[in-house]
Amino acid sequence: MTRSILAALLLPLLIGCSFEERQRGDIEGTAATPEMRPRKEIIQPEGVARLPVFSSAVKSGNLIFLSGAIGAQSGVNPPQLVEGGVVPETHQTMENIIAVLDAAGATLLDLIKCTVFLADISDYAAVNEAYVQYFPSDPPARSAVAGSGLALGARVEIECIAAVPEV
């Protein structure tokens with residue numbers, strides 16, 4: 001198709017369009033002014049192990065997004081996993097999640113979705129036995145996937161999303 005034919009076909013479409021200059025932030029998908037940016041709060045409780053490349057959680061509106069937690073001992077730096085295998089790791093992981101939720105003003109009851117990452121899918125039943133102790137009724141939605149190479153050689157990692165009423 002020649003350029004003149006293409007232009008003739010597109011011209012009627014362009015006549016009704018208006019063109020406006022965009023702010024740089026609009027182009028990159030972020031708000032142009034600080035007042036328009038979504039509000040977020042970084043949650044980083046004392047003693048909860050984390051790597052310096054992420055926050056333990058981020059709260060935006062009534063949602064709290066928890067980074068993947070592993071069974072690292074509280075207050076130990078550099079982070080070290082609890083000993084004893086996947087069950088103690090799962091318990092420590094859940095205790096770390098509780099600490100982050102507490103720092104964000106939430107509890108396990110506020111969790112709406114968790115994703116469990118397992119280094120070995122054969123640990124699925126053992127992780128479930130420990131996990132269910134924290135949710136005697138009405139557990140959050142959950143997915144579980146097997147992967148390899150979890151941080152610090154962990155056997156289990158859990159990330160969560162919680163929702164709390166806005167204050």
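Two strands are taken to pair if DSSP finds at least two bridges between them. Strands (E, at least two residues) and helices (H or I, at least four) are DSSP runs, numbered from the N terminus. The model is predicted: local features need pLDDT of at least 70, side-chain atom pairs count only at pLDDT 80 or more, and totals for chains, interfaces and linings use all residues. Residue numbers start from 1 along each chain as its sequence is written, and side-chain values use heavy atoms, with hydrogens and water left out.

Six strands form an open sheet with mixed pairing. Their order is S1-S2-S3-S6-S4-S5. Strand S1 (41–43) and strand S5 (141–146) are the edge strands, each pairing on one side only. Neighbouring strands of the sheet are turned by 15° against each other on average, direction ignored. For such angles, axes are lines fitted to C-alpha atoms, for helices over the stretch in contact, and values run from 0 to 180 degrees between N-to-C directions.

Leu66 is set opposite Cys160 in S6. Strand S4 (residues 111–118) also runs antiparallel to S6, and seven bridges join the two. Cys160 in S6 is the bridge partner of Cys114. Ile161 in S6 is the bridge partner of Lys113. The pairing of S4 with S5 is parallel and comprises six bridges. Within it, Phe117 has Val145 of S5 as its bridge partner.

Side chains of opposite charge can pair when their charged atoms come close. A salt bridge requires a side-chain nitrogen of Lys or Arg within 4 Å of a carboxyl oxygen of Asp or Glu. A search of the whole structure returns one. It joins Asp123 to Arg155, with the closest N and O atoms 2.5 Å apart. The partners come from distant parts of the chain, 32 residues apart. Asp123 lies in the loop between S4 and H4, and Arg155 in the loop between S5 and S6. Accessibility is classed as buried under 20% relative accessible area, exposed over 50% and partly exposed in between (1.4 Å probe, protein chains only). Asp123 counts as buried, at 10% relative accessibility. Arg155 counts as partly exposed, at 30%.

Rings of Phe, Tyr and Trp (its six-membered ring) pair if their centres lie within 6.5 Å; planes under 30 degrees apart are stacked, over 60 edge-to-face, and the rest tilted. One aromatic pair is found in the whole structure. Tyr131 and Phe135 form this tilted pair, at 4.9 Å centre to centre and 45° between the planes. Both Tyr131 and Phe135 are buried. Arg142 lies over the face of Tyr131, 4.7 Å from the ring centre. The criterion for a charge over a ring is NZ of Lys or CZ of Arg within 6 Å of the ring centre and within 35 degrees of the ring normal.
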